[in-house]
Amino acid sequence: KIIKEKVIGKTFRLTEQIDEIFDNIVTEADYPKTYEVIRRNKEHVTKLFQTIDEKTGRHNYRALKHAFRDFEYFYPKIDARFLKNTGFVNDLFRVFAILNYEIQLGHLSPEEFLSYNPADEIAQAMGHNSNRFNANEEAKEAVSNDARFKGVLECHGLQWSVMYASSNEIVFVPALWGRVFSNEWIAPQELSEAIQNGCYFPKQRAEWVNLWYWWQREDDQFEDDLKAVREKLKHHEYRSYDVIM
């Protein structure tokens with residue numbers, strides 16, 4: 001009764017308009033490392049919040065703030081030399097926020113990222129049948145996970161294709177994102193290689209990535225890339241399944 005008496009004459013308004021309360025939930029005190037990144041991506045945050053709301057009829061500020069906190073924790077793991085590229089940092093935050101928020105709401109799980117098998121997409125693109133596409137329940141569940149993962153990406157206008165992995169719009173391959181959101185330890189070198197082999201740092205990309213995008217290279221650069229790839233193949237230096245494919 002005391003509490004009710006003290007709020008007589010006051011009006012409380014609940015709102016789901018993220019742009020109205022953004023400044024209140026994003027403060028430099030809460031996010032000292034990533035404050036400027038989040039602030040300059042306010043438009044993307046608003047779009048993310050509204051997209052989920054329109055799709056599910058649900059909005060959850062706590063889940064959104066949790067995604068921001070997770071990014072605050074993840075951000076320092078990125079090598080400082082990459083943080084000078086504003087385009088890369090903005091895309092990294094945008095994708096991180098989308099995937100993390102979807103996880104917070106229970107629409108995805110890190111296990112679905114980890115189970116996403118690029119071999120299926122490669123096999124289909126090359127006109128082959130994948131061994132996973134059979135009648136057993138485990139295979140059906142894996143295919144369902146793949147479809148759900150890609151469905152979430154499409155909902156947010158993100159494109160992903162394993163055939164063009166180095167120019168995709170989700171920054172990292174799905175399996176790496178799965179490890180990030182599972183809080184698995186990732187070697188700094190592995191994280192740096194994944195970043196520099198993307199579309200943001202062409203001068204630092206591996207020779208096999210440059211060869212894949214041969215039309216972007218000058219003739220002499222192409223010859224150097226081809227020679228390097230042949231030598232590494234000859235000496236079995238490529239160990240990653242995805243790279244070999």
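I started with α5 and looked up its burial: Tyr61, Ala63, Leu64, Ala67, Phe68, Phe71, Glu72 and Phe74 are buried. Buried means under 20% relative accessible area, exposed over 50%, and partly exposed in between (1.4 Å probe, protein chains only). Helices are DSSP runs of H or I with at least four residues, strands are runs of E with at least two, and both are numbered from the N terminus.

I noted the ground rules next. This is a predicted model, where local features need pLDDT of at least 70, side-chain atom pairs count only at pLDDT 80 or more, and totals for chains, interfaces and linings use all residues. Residues are numbered from 1 along each chain as its sequence is written, and side-chain values use heavy atoms, with hydrogens and water left out.

**More on α5.** I checked what covers the buried residues of α5; the cover includes α2 (18–25), α3 (35–40), α4 (42–56), α6, α10 and α11. Contact here means heavy atoms within 4.5 Å. I then checked the length of α5. Its 14 residues should span 20 Å at 1.5 Å a residue, and the end C-alpha atoms are 20 Å apart, which agrees. The expected span is 1.5 Å times one less than the number of residues. At the N-terminal end, Asn60 caps α5, with a side-chain oxygen 3.0 Å from the backbone nitrogen of Arg62.

**Second largest pocket.** I read its volume as about 340 Å³. A pocket is an open set of points on a 1 Å grid over the protein atoms alone, where a 1.4 Å probe fits, with protein on both sides within 12 Å along at least five of seven lines; lining residues have an atom within 4 Å of a point. The volume is the space filled by probe spheres set on the points, which are joined across faces, edges and corners. I found 17 lining residues, with Tyr73, Phe74, Lys77, Val180 and Asn183 nearest the centre. Two or more lining residues come from each of α5 (61–74), α6 (86–104), α10 (174–181) and α11 (188–196). α6 gives the most, four residues. By type, I logged 11 nonpolar, three polar and three charged.

**Asn197.** I located Asn197 in the loop between α11 and α12 (207–212). Asn197 is buried, at 15% relative accessible area. A polar atom of its side chain lies 2.8 Å from the backbone nitrogen of Ala206.

**Whole chain.** I counted 14 helices and zero strands. Buried residues make up 41% of the 245 residues. Among contacts between residues at least 6 apart in sequence, 62% join residues at least 24 apart.

Definitions and conventions
Nonpolar A, V, L, I, M, F, W, Y, C, P; charged D, E, K, R; others polar. Polar contact = N/O pair within 3.5 Å; in protein donor to acceptor, adjacent residues only side chain to side chain.
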